[in-house]
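Please consider the sequence and the model shown below. The paragraphs that follow lead through charged side-chain pairs and their surroundings.

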Amino acid sequence: PPRSTLFPYTTLFRSSTLREKLKRPFVHVVFGARQTGKSTLIRSILPTDTVILNLSDPRERSRFSARPGLFLDLCKALPRNPEGTAVFVDEAQTVPEIFDAVQTLYDEDKDRFRFVLCGSSARRLRSTGANLLPGRSVRYILHPLVDEEYVPRDLPVPGNRDRLLPLAPGDKPGAAPFPSRSLESRLVFGDLPGIALLPNDEDRKDILGAYVLAYLEEEIRRESYLRDWGAFLRFLHLAAAESGGILNASALSREAGISAPTIKSHYGLLEDMFLGFTVPAFSGSPRKSALSTPRFYFFDTGVRNAAAGLPLSEELVNADPGRLFEHWVAGQLYRKLSYVGDGSLSYFRTSDGAEIDFILQRGDRLIPVEVKWTESPGNKDTRHIRRFLQEHRNRCDRGYVVSRCPHVLELNESVTAVPWWLI
């Protein structure tokens with residue numbers, strides 16, 4: 001749908017928090033993949049008299065690229081505001097010189113402006129050595145939707161204390177959460193805001209296909225200066241198909257016909273553009289057989305499925321439900337840890353087959369989490385968690401199984417099963 005149709009749904013749990021943070025006297029940089037709702041959210045909470053520069057418009061981008069001093073002149077000509085004049089630059093990374101101009105204006109008068117810079121890629125900024133405003137900026141990342149942003153289907157809205165990974169106490173759902181969707185729909189089509197609002201699966205399928213194509217053409221080519229576009233497309237397809245698995249650059253190199261260093265560089269590109277994230281192996285195990293190679297996940301299951309060329313229908317879930325469910329849970333945990341700003345995500349696996357899907361670390365505490373597609377988890381699903389708890393009893397006392405069970409279940413004295421909607 002048009003981006004304007006998202007405005008009724010911008011009262012998300014994070015809008016009140018972001019609104020308060022934007023009042024602080026810093027430069028605010030908001031990153032996130034395309035269509036995660038960055039611009040929509042920011043426009044909804046900034047003052048109505050905010051000066052907005054949209055650098056996704058090629059004409060605006062060319063104008064400010066050709067005249068780097070133009071931004072300085074424009075800002076200095078703005079009338080003063082006792083609360084600070086709000087200036088919002090969308091897709092700011094496309095003109096890295098904007099960051100130098102913002103630093104100059106900020107250093108001259110920290111109270112005159114309230115700068116908000118928004119972007120969908122950090123690649124060009126890093127590759128050009130752009131000024132990232134150290135000591136002057138606060139960075140935020142916006143992700144696809146988390147479960148708190150949906151109306152649960154036929155279920156009461158849970159409180160934060162009921163969740164496996166609660167958000168901060170002040171981060172509550174807004175007055176207009178997104179319409180409820182089945183778990184199967186979210187596994188297949190993902191959780192981008194625009195996808196969540198579409199009325200039927202046929203539209204979701206078409207939009208996701210267009211998203212992958214448009215993102216490749218408009219964003220990755222523009223940001224990365226890739227020489228061999230065909231080779232990258234082969235990599236992207238394979239990386240999407242292998243998403244959630246242990247990263248094996250050598251095997252992918254042989255299959256795609258690309259060198260292993262180039263494979264690693266391409267994965268770095270996906271991370272720089274917020275299209276994926278790495279989950280490292282848990283490093284605190286006493287077992288010598290524990291693996292150390294990371295896993296890589298696409299940022300959204302819908303985009304992953306489309307990029308892998310998989311059939312976008314709920315029949316996809318029947319083909320490999322466990323792996324798709326685990327991928328979706330990984331995204332939910334990663335996003336919520338990012339918003340909470342406290343903790344890290346890893347996985348545990350040994351060469352002899354012992355595995356725990358995710359280890360949450362918050363402070364010095366560890367929380368082992370297994371993901372099971374079943375509706376009836378039992379004590380048999382807790383074997384690896386119980387051993388992990390025993391080995392790390394000074395740092396953790398309870399583990400969890402995320403499943404499709406309809407209610408919270410105590411599987412034994414140290415492991416609890418929680419429904420997917422209580423992550």
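How many salt bridges does the count come to? A salt bridge is taken here as a side-chain nitrogen of Lys or Arg within 4 Å of a carboxyl oxygen of Asp or Glu, and by this rule there are 21 salt bridges. The model is predicted, so local features need pLDDT of at least 70 and side-chain atom pairs count only at pLDDT 80 or more, while totals for chains, interfaces and linings use all residues. Residues are numbered from 1 along each chain as its sequence is written, and side-chain values use heavy atoms, with hydrogens and water left out.

One of these pairs joins the side chains of Asp-109 and Arg-80, at 3.4 Å from N to O. The pair links distant parts of the chain, 29 residues apart: Asp-109 belongs to the loop between helix 5 (97–108) and strand 4 (113–119), and Arg-80 to the loop between helix 4 (70–76) and strand 3 (85–90). Helices (H or I, at least four residues) and strands (E, at least two) are DSSP runs, numbered from the N terminus. For accessibility, buried means under 20% relative accessible area, exposed over 50%, and partly exposed in between, with a 1.4 Å probe and protein chains only. Asp-109 is partly exposed because its relative accessible area is 27%; Arg-80 counts as exposed because its value is 61%.

Thr-85 is classed as buried because its relative accessibility is 8%.

A further salt bridge lies within a single helix. Asp-201 and Arg-204 are both part of helix 9 (residues 201–224), 3 residues apart, or about one turn of the helix, and their side chains meet at 2.8 Å, N to O. Asp-201 is partly exposed at 30% relative accessible area, whereas Arg-204 is buried at 8%.

Asp-397 and Arg-365 form another such pair, with 3.8 Å between N and O. Here too distant parts of the chain are linked, 32 residues apart: Asp-397 sits in the loop between helix 16 (383–391) and strand 11 (399–403), and Arg-365 in strand 10 (residues 365–371). Asp-397 is exposed at 57% relative accessibility, while Arg-365 is partly exposed at 34%.

Finally, salt bridges also form a network, which links Asp-147, Glu-148, Arg-163, Arg-181, Arg-186, Asp-191, Arg-335 and Lys-336.
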